Structure formats: C-alpha cells, structure tokens
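Below is a short report on a two-chain protein model. It covers the contact between the chains, then a few local features.

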There are 2 protein chains.
Amino acid sequence: MEIVSENKAHGGRQLVVKHASAATSSDMTFSIFLPPQAEAGEKRPVVWYLSGLTCTHANVTEKGECRAACAEHGLIFVAPDTSPRGDGVPDDPQGAYDFGLGAGFYVDATQEPYARNYRMWTYVTEELPQLVGSEFAADMTRQGITGHSMGGHGALTVALRHPGRFRSVSAFAPIVAPSQVPWGQKALGGYLGEDRAAWRKHDAVALIEDGARVDEILVDVGTSDTFIENELRPELLEQSCAKAGIDLTLRRQPGYDHSYYFISTFMAEHLRWHAERLKRG
Amino acid sequence: MEIVSENKAHGGRQLVVKHASAATSSDMTFSIFLPPQAEAGEKRPVVWYLSGLTCTHANVTEKGECRAACAEHGLIFVAPDTSPRGDGVPDDPQGAYDFGLGAGFYVDATQEPYARNYRMWTYVTEELPQLVGSEFAADMTRQGITGHSMGGHGALTVALRHPGRFRSVSAFAPIVAPSQVPWGQKALGGYLGEDRAAWRKHDAVALIEDGARVDEILVDVGTSDTFIENELRPELLEQSCAKAGIDLTLRRQPGYDHSYYFISTFMAEHLRWHAERLKRG
C-alpha cells in the first residue's frame, strides 16, 4: 500500500492510496477520507462511493463536496477507481468511453481479453473491503453504499447481492436496468458474453424481480439529465420496488443534469441519510 | 458574452462565460454562480474570488465548495481567470508556472512584450465589474473580495486601493508582500520593470505602510503550507496591520497545506464572514 497523496481537509485527512490488486492483476488507486473522529482513533462507519463512466477516484474526491458532511457525521468515505488500468490492461477496441478503461461496470468479466483484469466485482466486494477494514479505523459492521450512474448501478447490485452487509443504500442518477439500455447491453455483453442469465445478476431491476431485497433506497436523478430516458430509466426501478415492497425514495430533481454539479448539490443529504441509518443500534 | 456552460447547482446556476476583453485584448473566461435568490430576480451581493498561480476560473469552481454557502447566504460568486490567454499572448520565456500564462499577478504590465495583454488590474477592477453589474442580478453596492495565494495578494491590493468599494475582505494563504519574496519579485519585475515605487502599489504590506486602509481582514493560512516561510510571510501582514490599526484576524490552521483541500475546508466560514458584512445596512 503506497500513500500517493495526503491532505488535511475538514479536520480529517484525505488520502489517495495505490496498491497491487490480486483481483484485477493490476495496480489500483482509491481515495479514502478519514474524518476527525477516525483520526482520533475511533472506529467509524464506512460509506462506499462507486463512480460513473470515465471517472477515476479523483472526480468525487475533488468535486463531490463529501468531506464536510463526512466530518460532521464521522463517516469514512472510500472511492475506488472504475476499472483496472496500466500496461497490458485491454481497453475497448475503439477506445470508446463506455467500455474498457474507466468503464468496468462492477462485474467480473468472463470474456477474453477482459477476464484477467476486469474483475471489479471481486475488487469492490472483497479485496478492497478487506484492505480498508485492516488498514484503517473502519467499523466494517456499519457500511453504507452509494454511487453515480454506472456506479449507482454498482451500488444497487452490490447491496442487493449482499443482504445484511449494508445498512444504507443510495444512488445518484443510477443505471437501474443495464440489460435494457445501450450502455449496459454493450458492457454486459462485452464482459459477460451473450448469456442473459449472467446479466441478471448485474441488473438491479432483474435482481429485484428475481427476489433480491434491501429495506430501502434513496435515489436522486435530475430531470434535465440527458441520459434519463435512454440509459437511466428510473421508472423501471420505481416499478420493481413498488412490486417488491422495497421502500424507494425516488426524487426527480427539477433542472439538474448528470454532472458533479448535481451530485455535489445532494451529496450532503445522501451522507446525512446514510449517517442516520449507520448510527442505529 | 458567450455562455460556455450552464449547470444547475445548489438551487442556483453555475455559469462559465467567455467574452472579448478590451482590457487584455484577448478573450477572457470567468465563472459566476447565481444563487437561488438571484435566479428569482433579486439583486444580490457579489463576492469576488481571485485565484492563485497556474489556476483558471475552473479550480475554485470545481473544487472550492463555495456554492452551498453562496446559496444559503444569497451570494453571487465570481471567479475570473488569472491571466490573458490565447493566440499571440506572450508567456514566460521559459514557460515557468510563476510568470505569464496563469500568473498575471493582478497588475497592468508596463514592460514589453506583456504590456498589451497583461492588464489584469484593469480587467478585475473595471471591465469585469462593469460586465457583471450590467448582465447579472448583482447588487454592486454590496461587494466582498477574497482570493488564494497570488489571488490573495490580488484581493488585498484591490481592496486597499478601492476604499469603500468592498464591505468585506478575506484571503486564503495570500502573498502579502510580493516585493519581498521570490514569486513577487519575479512577477513585479517582469511586468512593471525595476522601478520599485511602482511595485509598492501592488504590495499589500507596502500599501498599508503608505497609508492605505481597510477596516478588517480575515486570513487563513495552513501551518503545513510549504510556501508560508518564503513566499506568503503572513507575519509581515500581521506586523503592518498591528501598526496601522487594521483589525486582522489571522488564523494559522494546524496541518493544512496550500491546496484546495485547505481552501474548501474554510470556504464556508469565509463566505459566512462576507455575508455578515454584506448584509449590514
């Protein structure tokens, strides 16, 4: 584990960390904010933030406006990268933004040439939690998860497939049904092949149809988000949650788009929502 | 005036604007945040933020965490660029980061080849205020000014030389006495020549020695700022304010560095400080 950078912020410490990942057979970089309470040695809850297409750990770290609320509530905030990177890691053949580098989609690829490195599912659900739990003052019995767009898809699917692990789940403008939209069809087809049964395990709406459950979900999405109709389709999550009896709070935020201006506007509310649930007994 | 980008944020609107500047004989880009109150048509106070070396309008716009507080207090927040840019604008001969592009130092250059374009003093004190006052819902009778590093120098010197224009003045890690430090000596020498009398008008400590006054100043600087001893020298401002009877609140913030992690930590407090003074009578 190598500390790439370390900056005092909001009374705590913002770290960027690089480590050799066994899951992805590559170096991986993530950021972690340690609030003042963790700096004082107290074990604190962890909120995971999974980022969207084209992002690294840096986007939310620099633009997310997450630290003030994390310091207030005493939350550790971890932001992984969105794909493996580095020499020998294959990219989209055309270098497209929506597949390959920056677009791991939080799955373990089974298709060549991606199967060796593109194992973001194992990375974010096993390897990175182990590292964070062992190296930082993290209370791993109190975890929440959120994410944006592709990372909202990641947050929802990770939470739905790990019942009991997360006390709080939210998302910003998530892709809720990747099997039904162009971004998701390209990614799931490319990483997992054409067997649609494998796709269902990485599709929040399909997982809910197949019986997966969380107690409640908070989702914000902007009404001026240019991806809302063709890629995000929040109404599909609304329908599946209604059928399944999942308490979904879906807020269509008037005039907001898909950018970090939208995310940073609602970040503090999401973190308060997580903190309330992470504090309970 | 061309709107480069427009994003809803914190109930208001973040604009990036490009315009042909007569002052700098070049296109100039700035950002302006219009809080919800201004969006509703109300004229609101303006806080100017002058950025530091290497920055454009974008750094504070993306990383400054200024919008939540501006929305709360109803402040318009304007962030100009730090130099002219574009075809034909001369840079430092060696392309150094501390002179030329990204390093205008908020002076009107008298030396060639800089005199035509490097007129950031006129730009930030005359041209841009006129544009903002005429194009946006800005209450120009209520202005505050702040800045970071080179921009802290700019904020202090602009305020000291415009008595009565600003109701509030603050700075993050400002260069307080450019005549006495390497960054400032290079910049003032390069833009203004070797006549040290001309330098004194662009040196906050010298201006105070020469009789310029503001009522009060808020300054934050990190104790782990690597520039504090050789470039910023806050003790010189402390001494000159003490002698002059200027009410300086200088806070040495333990462990903070020179980055936007420092700035964003204290941004909300600075904006509250400005808002309190801008609300008065």
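## Basis

Contact here means heavy atoms within 4.5 Å. This is a predicted model: local features need pLDDT of at least 70, side-chain atom pairs count only at pLDDT 80 or more, and totals for chains, interfaces and linings use all residues. Residues are numbered from 1 along each chain as its sequence is written, chains are lettered from A and ligands numbered from 1 in the order in which they are written, and side-chain values use heavy atoms, with hydrogens and water left out.

## Interface size

Chain A brings 20 residues to the contact, and chain B brings 20 residues. Buried area is the accessible area (1.4 Å probe) that two parts lose on being put together, summed over both. Between chain B and chain A it is about 1900 Å². Carbon and sulfur atoms give 46% of that area. In chain B, the residues that lose the most area to chain A are B:Lys8, B:Glu65 and B:Tyr261. Together they account for 38% of what that side buries.

Four salt bridges link chain B and chain A (side-chain nitrogen of Lys or Arg within 4 Å of a carboxyl oxygen of Asp or Glu). One of them pairs B:Lys63 with A:Glu62. Their closest N and O atoms are 4.0 Å apart.

Three elements of chain B give two or more residues to the side that touches chain A: strand S1 (2-9), helix H2 (57-63) and helix H11 (260-279). Helices (H or I, at least four residues) and strands (E, at least two) are DSSP runs, numbered from the N terminus. H11(B) gives the most, with four residues. By class, this side of chain B has five nonpolar, nine polar and six charged residues. Ala, Val, Leu, Ile, Met, Phe, Trp, Tyr, Cys and Pro count as nonpolar, Asp, Glu, Lys and Arg as charged, and the others, Gly among them, as polar.

## Symmetry

Chain B superposes on chain A by a rotation of 180 degrees, with 0.0 Å of shift along the axis and an RMSD of 0.0 Å. In chain B, the C-alpha nearest the axis belongs to B:Lys63, 2.7 Å from it. Of the interface residues of chain B, 100% are also interface residues in chain A, so the copies meet through the same surface.

## A threonine at the interface

B:Thr265 lies in helix H11 of chain B. It is buried, with a relative accessible area of 11%. Buried means under 20% relative accessible area, exposed over 50%, and partly exposed in between (1.4 Å probe, protein chains only). A polar atom of the B:Thr265 side chain lies 2.7 Å from the backbone nitrogen of A:His10. The backbone oxygen of B:Tyr261 lies 2.6 Å from a polar atom of that side chain. Leaving aside neighbours within four places in sequence, B:Thr265 is in contact with A:Ala9, A:His10 and B:Tyr256.

## A buried site in chain A

A:Thr82 sits in the loop between strand S5 (76-80) and helix H4 (120-135) of chain A. At 0% relative accessibility, A:Thr82 counts as buried. Its side chain reaches the backbone oxygen of A:Cys55 at 2.6 Å. Beyond neighbours within four places in sequence, the contacts of A:Thr82 include A:Gly104, A:Phe105 and A:Met150.

A:Met150 is also one of the buried residues of H5(A). In helix H5 (residues 150-160) of chain A, 11 of the 11 residues are buried, so the helix is largely enclosed by the rest of the structure.

## Backbone exceptions

Most residues other than glycine have a negative phi, and most peptide bonds are trans. The bond from A:Glu112 to A:Pro113 is cis, with omega near 5 degrees. A:Pro113 lies in the loop between S5 and H4 of chain A. In chain B, a cis peptide bond joins B:Glu112 and B:Pro113, with omega about 5 degrees.

A:Ser25 has a positive phi, near 50 degrees. It lies in the loop between strand S2 (12-21) and strand S3 (26-34) of chain A. At 31% relative accessibility, A:Ser25 counts as partly exposed. B:Thr54 also has a positive phi, near 80 degrees. B:Thr54 is found in the loop between strand S4 (44-50) and H2 of chain B.

How values were computed
Least-squares fit on C-alpha atoms with pLDDT ≥ 70 in both. Polar contact = N/O pair within 3.5 Å; in protein donor to acceptor, adjacent residues only side chain to side chain.
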